[in-house]
Amino acid sequence: MKHISYHASHEQFSPRDLLRLVKKAEQAGFTSCHSSDHFHPWSARQGHSGHVYSWLGAVMEATKFPVYFITTPGQRYHPAVVAQAIATLEDMYPDRLGISLGSGEALNEHITGDPWPEKVMRNQRLLECASVIKRLLIGEKVNHWGLVNVHEAKLYTLPNRVPALNCAAISQETATWSAAWADGLLTVYRPAPKLQMIMQAFRSNGGAGKPIHVKLTFSYDRDLTIARQQAYEQWRSNCLEAHHLANIHTVEQFDVMSENCPMERVEENIPISANPSDFVQIINEIFSLGVDHVILHNVNKNQDLFIED
């Protein structure tokens, strides 16, 4: 089955507003929702950063469709605590939870006061965390010493199933690396040739037959001027180079570095249109590549209009 998810952006909306919007998205026909997980927003203009684990219980109680989220164990979250949260949600709402694991960004993880590791070490830490989480979810008592440490951890409330743990990857290198251990891939939209390269890197290195999720970020409004304004206001901080996105530590630094970002740069990074058929075409293009799941993230603040349209 092809899934189209509504993306719940905790950086842009309060948890209360997102709960209302996700309920509306389900009623409108979205087959699932997908949630971000940030301690800080990307920009002060976005203005929010609700706690995803608190919010997940509420949204799963209020809806009936699958709920996916991305999370970053290893620094801000200990993997044993992540496993406990997953097991609890699975016990209460069986077969509805989807998880993607990422190596994180300094923007959210530096709050612990620990040094921010290089990408190679972050990936190794993520792999250790994924192993710990899986072992705990099948009932093992876990001891692990490495980039994360776990001592005599055991879950006593176990889920009826171990949900898939996907890996979030925006580069070919990470997609290649994750293919052997991840249960699926979460990546972001690019025009077909680049997206195909990332998907092929995953499929050719152990990911064949595993589900692929693609997050399509865009700006839609019935008024093209508003769609362009909102794209620039809400998302220009995310149009920096990928290595900056992972390594900038504060919201203020993001705002300073993107202050002079030209509109052309934003338009190169995300589709902007007042015509829904333009996005339908992109969605169909993504599915034609063999993708299982498309996540729609409209960065425009008028989410009610978007959901209705």
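Author: What follows is a set of questions and answers on the overall fold, the nonpolar cores and some individual residues. This is a predicted model, in which local features need pLDDT of at least 70 and side-chain atom pairs count only at pLDDT 80 or more, while totals for chains, interfaces and linings use all residues. Residues are numbered from 1 along each chain as its sequence is written, and side-chain values use heavy atoms, with hydrogens and water left out.

Reader: How many helices and strands does the protein chain have?

Author: Helices (H or I, at least four residues) and strands (E, at least two) are taken as DSSP runs, numbered from the N terminus. Counted in this way, the protein chain has 13 helices and 11 strands.

Reader: What radius of gyration does the protein chain have, and what would a compact globule have?

Author: The radius is taken over C-alpha atoms, and the globule rule is 2.2 Å times the number of residues to the power 0.38. The C-alpha atoms fill a box of roughly 55 × 40 × 40 Å along the principal axes. For 309 residues the rule gives a radius near 19 Å, and the chain agrees with it, at 19 Å.

Reader: What percentage of the residues is buried?

Author: Buried means under 20% relative accessible area, exposed over 50%, and partly exposed in between, with a 1.4 Å probe and protein chains only. By that rule, the buried part of the 309 residues is 54%.

Reader: Which residues touch the most other members of the largest nonpolar core?

Author: In soluble globular proteins, nonpolar side chains tend to be buried together. A nonpolar core here is a set of buried Ala, Val, Leu, Ile, Met, Phe, Trp, Tyr and Cys residues joined through side-chain atoms within 4.5 Å. The largest such core has 71 residues, and the members touching the most others are L216 and I286.

Reader: Which residues is L216 in contact with, beyond its neighbours within four places in sequence?

Author: Contact means heavy atoms within 4.5 Å. With those neighbours left aside, the partners of L216 are Y189, P271, I282, I283, I286, V294, I295, L296 and H297. There is also a second, separate core of 17 residues, which includes A227, I248, V251 and M263.

Reader: Where is D95 found, and is D95 buried or exposed?

Author: Most residues other than glycine have a negative phi. D95 has a positive phi of about 65° although it is not a glycine. It is found in the loop between α3 (79–92) and β4 (97–101), and its relative accessible area of 54% is why D95 counts as exposed.

Reader: What relative accessible area does E152 have?

Author: E152 lies in strand β6, residues 149–153, and has a positive phi of about 55° although it is not a glycine. E152 is partly exposed, because its relative accessible area is 42%.

Reader: Which residues does N143 touch, not counting those up to four places away in sequence?

Author: N143 lies in strand β5, residues 142–145, and is partly exposed, with a relative accessible area of 33%. Its C-alpha atom is separated by 41 Å from that of C239, 96 residues apart along the chain. The residues that N143 touches are R135, V150, H151 and E152.

Reader: What separates the C-alpha atoms of Q200 and Q172?

Author: Q200 lies in helix α7, residues 192–207, and is partly exposed at a relative accessible area of 45%. Q200 and Q172 are 28 residues apart along the chain, and their C-alpha atoms are separated by 8.6 Å.
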